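Trainee: I would like to go through this model and test each label against its definition. Can we take it term by term?

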Amino acid sequence: MPSAPVFAPTGATIRLVASYAREPVISPDGTKVLYFDLNTNQVMLLNLVTHAVSVVSTLADGTPANGTSFSASFSGDGTKVVFTSQASNLTPGDGNGVVDIFVKDLVSGTVTRVSTGAGGTEGNGASATAIL
């Protein structure tokens, strides 16, 4: 389980202080932060209201990704997260052995691989730059 980040208030700003947190991204409504956790090699979600930390790069049932996940961003309404992952267990049929792009619905937990061709055909090379 990841360590909880430390909050250091600086006036009206809350600064995330964690030597293991990289690539921070703030949600459109300013209540959440996505980051890459160097300790777990996974995409994490920090709720700035409750200070709860959760792993984004999991299956809907909470099973962790079996590979490094990184480079996350929020959808415009903040209900989905897109991220890049080397994992092969996030969706069925991911057998191309390369980095793919996934979208996780934060409400339902559903994970969808979006770096595929029409009809779900797997790519034959790595995908990068996951942005919604």
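**Labels and cut-offs**

Mentor: Start with R113, which is buried, with a relative accessible area of 11%.

Trainee: Why is R113 called buried?

Mentor: Buried means under 20% relative accessible area, exposed means over 50%, and partly exposed lies in between (1.4 Å probe, protein chains only). R113 has 11%, so the label is buried.

Trainee: What kind of model is this, and which limits apply?

Mentor: This is a predicted model: local features need pLDDT of at least 70, side-chain atom pairs count only at pLDDT 80 or more, and totals for chains, interfaces and linings use all residues. Residues are numbered from 1 along each chain as its sequence is written, and side-chain values use heavy atoms, with hydrogens and water left out.

Trainee: How confident is the predictor in the protein chain?

Mentor: pLDDT is the predictor's confidence in each residue, from 0 to 100. The protein chain averages 82, and 80% of the residues score at least 70. Among the elements, strand β8 (residues 80-85) has the highest mean, 94. Strand β1 (residues 6-10) has the lowest, 52. Strands are DSSP runs of E, at least two residues, numbered from the N terminus.

**Salt bridges**

Trainee: What makes D94 and R113 a salt bridge?

Mentor: The rule asks for a side-chain nitrogen of Lys or Arg within 4 Å of a carboxyl oxygen of Asp or Glu. For D94 and R113 the N to O distance is 3.2 Å, so the pair qualifies. D94 lies in the loop between β8 and β9 and R113 in strand β10 (residues 111-113), so the pair ties together parts that are 19 residues apart in sequence.

Trainee: Is D94 buried or exposed?

Mentor: D94 is buried, at 9% relative accessible area.

Trainee: Which other residue forms a salt bridge with R113?

Mentor: D100 does, with the closest N and O atoms 3.6 Å apart. R113 is in strand β10 and D100 in strand β9, so this pair ties together parts 13 residues apart in sequence. D100 counts as buried, at 1% relative accessibility.

Trainee: How many salt bridges does the rule give?

Mentor: The count comes to 3. One of them is D105 with K80, at 3.9 Å, N to O. D105 lies in strand β9 (residues 100-105) and K80 in strand β8, so the pair ties together parts that are 25 residues apart in sequence. K80 has a relative accessible area of 32%, so it is called partly exposed.

**The open sheet**

Trainee: What is the strand order in the open sheet?

Mentor: The order is β3-β4-β5-β6, 4 strands with antiparallel pairing. The edge strands are β3 (21-26) and β6 (53-55), each pairing on one side only. The twist averages 25° from one strand to the next.

Trainee: How do you know that β5 and β6 pair?

Mentor: Pairing needs at least two bridges found by DSSP. 3 bridges join β5 (residues 42-47) to β6, so the two strands pair. M44 stands opposite V55 in β6.

Trainee: What makes β4 mostly covered?

Mentor: In β4 (residues 32-37), 6 of its 6 residues are buried. K32, L34 and F36 cover one side, and V33, Y35 and D37 the other.

Terms used. Axes fitted to C-alpha atoms, helices over the stretch in contact; angles between N-to-C directions.
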